[in-house]
Amino acid sequence: MAVRPGLCDLPAEIITLIFSHLDYTDLRNCKFLNKRLYDLSKEEKHWKKLCRKYWLQTSRPYGRTWEEHFIHWYRDMGAYIHCYAHLKKTWDRILSYFKVNCPLIYQTIKDGVSEEELDHVEESIGLEKLPTDFRCSYRIHNGQRLTSPGLMGSMSIPGHYRSESLLDLDTILVGYRGGEGLLGCIPLTLCLHSGLTQYLAVTDTDGYEPNTIFYPITGEPVNGKTCLDAFIS
């Protein structure tokens, strides 16, 4: 009976072509099948493509292979591998715009924080886990200095001025501790002129769906709640 050829029996160029379509988990697993696949899976072009896809990296330090560069980034940002590239591109577009059109706002944007700082905030406010995309965004940039004009929703009309700053972690923590009746929500923005604050619901403790962003508005109780939602579209 003829033996059916397996992956290892294919020419190297065919295996290399197959590997070029694999994601990092499958490519990594192929390394452990045998020495031939191990060698072919380590080709630089595969890992260069993955570095560009997930980490937006187009260069690497001298003496470091593309696979090593991928692993270096994965060890630091692996928890955000499925959202980092999108959020980093978004932040880059925002900063590019403000650098040209509003340097005053551009100069207020803060560098990102560490995993330990995010863990400290979670522990301090007693929440199990902040949303993954929230953590990733703050790893990239830690909001902005509390100033005006703010990054979010700047608007000026006669008799009214609104400009919300995207809060940094320290201010979020202070705002959470000073909040009343919003135990499962954290403040995201603050307008120094109107006092308006957008909140992010992390849990449903206060009756909001997790990951909902809203303005709390004091008023008559509705359906057992003491505030209404004014959602931002």
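Here is a short chat about a cavity and one threonine in this predicted model.

Me: What should I know before reading the values?
Reply: In this predicted model, local features need pLDDT of at least 70 and side-chain atom pairs count only at pLDDT 80 or more, while totals for chains, interfaces and linings use all residues. Residues are numbered from 1 along each chain as its sequence is written, and side-chain values use heavy atoms, with hydrogens and water left out.

Me: Why is threonine 189 called buried?
Reply: Buried means under 20% relative accessible area (1.4 Å probe, protein chains only). Threonine 189 has 2%, so buried is the word for it.

Me: What makes the link between the side chains of threonine 189 and glutamate 164 a polar contact?
Reply: A polar contact takes a pair of N or O atoms within 3.5 Å; within protein, one must be able to donate a hydrogen and the other to accept it, and residues adjacent in sequence count only if both atoms are side-chain atoms. This pair sits at 2.4 Å, and it's listed as a polar contact. The threonine 189 side chain also reaches the backbone nitrogen of glutamine 198, at 3.2 Å.

Me: Which residues beyond its sequence neighbours is threonine 189 in contact with?
Reply: Contact means heavy atoms within 4.5 Å. Leaving aside neighbours within four places in sequence, the partners include Met152, Leu167 and Leu196.

Me: What makes four residues in the lining of the largest cavity nonpolar?
Reply: Ala, Val, Leu, Ile, Met, Phe, Trp, Tyr, Cys and Pro count as nonpolar, Asp, Glu, Lys and Arg as charged, and the others, Gly among them, as polar. Phe19, Leu22, Leu27 and Leu50 are among the lining residues, and the lining divides into four nonpolar, two polar and one charged.

Notes
On a 1 Å grid over the protein atoms alone, a cavity is a set of points where a 1.4 Å probe fits but cannot get out, and a pocket is an open set with protein on both sides within 12 Å along at least five of seven lines; lining residues have an atom within 4 Å of a point. Buried means under 20% relative accessible area, exposed over 50%, partly exposed in between (1.4 Å probe, protein chains only).
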